[in-house]
Amino acid sequence: MHRIPQPYEYLNYREYLRDWYAAKKMANPRFSHRGFVRRTGQRSPSLLKDVIERRRNLTPSTAEAFCYALRLNPAESIFFRAIVDFDQARVQADKRRAWERIVETRQFSDRPEGERISA
């Protein structure tokens with residue numbers, strides 16, 4: 001079985017999505033971008049690929065739909081939405097608020113020092 005990455009291992013949600021998709025694809029070669037997007041309830045079959053490749057951002061509603069499709073638990077969903085907000089914040093105050101939500105996350109703050117986190 002291939003290990004599915006955890007969102008807490010990342011500060012860059014696009015890298016998390018890329019690695020999550022790659023792990024799912026290795027586990028099941030029939031897994032597709034289109035199938036993932038179908039699970040989100042969105043219409044664009046290339047949405048996941050476009051987000052990973054920085055051609056599109058996630059809105060609050062698509063971020064929520066991604067949490068569902070990724071099968072994240074409530075705490076993981078909060079963290080995922082925080083790293084999305086951190087990446088997409090245009091105003092420094094919004095970026096700071098997102099960062100505060102990230103560091104408040106127990107799984108993030110309890111990581112051993114020196115453990116690699118993808119940024």
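Guide: Let's go from the overall fold to one helix, and then to the aromatic rings. Keep in mind that this is a predicted model.

Visitor: Okay, how many helices and strands does the chain have?

Guide: Count 7 helices and 0 strands. Written out along the sequence, that gives α-α-α-α-α-α-α.

Visitor: And what share of the residues is buried?

Guide: Of the 119 residues in the chain, 39% are buried. As for contacts between residues at least 6 apart in sequence, 52% join residues at least 24 apart.

Visitor: Let's zoom in on a helix. What should I know about helices in general?

Guide: An α-helix has 3.6 residues a turn, so residues three or four places apart point the same way. Now try helix H1, residues 13-27.

Visitor: What caps the N-terminal end of H1?

Guide: That's Asn12: one of its side-chain oxygens lies 2.8 Å from the backbone nitrogen of Arg14.

Visitor: Which residues of H1 are buried, and what covers them?

Guide: The buried ones are Tyr13, Arg14, Glu15, Tyr16, Leu17, Trp20, Tyr21 and Ala23. Their cover includes helix H2 (33-40), helix H3 (47-52), helix H4 (60-70) and helix H5 (74-88).

Visitor: Now the rings. How do I describe two of them together?

Guide: A pair of aromatic rings is described by the distance of the centres and the angle of the planes. There are 9 aromatic pairs here. Take Phe36 and Phe66: their centres are 5.0 Å apart with 80 degrees between the planes, which makes the pair edge-to-face.

Visitor: Why does that pair tie together parts that are apart in sequence?

Guide: Because Phe36 is in helix H2 while Phe66 is in helix H4, the pair ties together parts 30 residues apart in sequence. Both Phe36 and Phe66 are buried. They also belong to a cluster linked by ring pairs, together with Trp20, Tyr21 and Phe31.

Visitor: Which charged residues sit over rings?

Guide: Here are two to find. Lys24 has its charged end over the ring of Phe31, 5.7 Å from the centre. Lys95 lies over the face of Phe86, at 4.4 Å from the ring centre.

Notes: Residues numbered from 1 in each chain as written. Predicted model: local features only at pLDDT ≥ 70, side-chain atom pairs only at ≥ 80, totals over all residues. Heavy atoms only, no water. Helix = DSSP H or I, 4+ residues; strand = E, 2+ residues; numbered from the N terminus. Expected span 1.5 Å × (residues − 1). Buried < 20%, exposed > 50% of the residue type's maximum accessible area, 1.4 Å probe, protein only. Contact = heavy atoms within 4.5 Å. Polar contact = N/O pair within 3.5 Å; in protein donor to acceptor, adjacent residues only side chain to side chain. Phe/Tyr/Trp six-rings, centres within 6.5 Å; stacked < 30°, edge-to-face > 60°. Lys NZ or Arg CZ within 6 Å of the ring centre and 35° of its normal.
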